[in-house]
Amino acid sequence: MPEDEDVPEDEDDARRARWTATGTGAALTLAGLAAALLRLTRSAPALVPAAYAGGAAVCAAAAVLGSRGRTRRALWLLIAGVMAMALGDQFD
């Protein structure tokens, strides 16, 4: 018997959702921090790097929540973080 049959499908889906939320949150955090650092080196209004850094912080919180199994809340925080970064891009 393969070992995959020992794990119920719901647990497998939950594990996949946790890894997806954690990985996406970490990737968006790194992207937001990189964008904030790039905007700091240019002549941009101070609100632009602050928006990117704030969005990155929200995405980092989403990654933590996702790793703890709060995937629905993590999804909403990921959306809010990306929206904050997009708002910062509009100020540029």
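The model is predicted, with local features requiring pLDDT of at least 70 and side-chain atom pairs counted only at pLDDT 80 or more, while totals for chains, interfaces and linings use all residues. Residues are numbered from 1 along each chain as its sequence is written, and side-chain values use heavy atoms, leaving out hydrogens and water.

The largest nonpolar core consists of 10 residues: A21, A35, A36, V48, Y52, C59, A62, A74, L78 and M85. Such a core is a set of buried Ala, Val, Leu, Ile, Met, Phe, Trp, Tyr and Cys residues joined through side-chain atoms within 4.5 Å; buried means under 20% relative accessible area, exposed over 50%, and partly exposed in between (1.4 Å probe, protein chains only). At least two residues of this core come from each of α1, α2 (47-67) and α3, and α2 gives the most, with four. Helices here are DSSP runs (H or I, at least four residues), numbered from the N terminus.

Next, A17 lies in helix α1 (residues 9-41) and is partly exposed, at 29% relative accessible area. Its C-alpha atom is 9.2 Å from that of S67, 50 residues apart along the chain.

Finally, M83 belongs to helix α3 (residues 71-91). Why does M83 count as exposed? Because its relative accessible area is 55%, and the threshold is over 50%.
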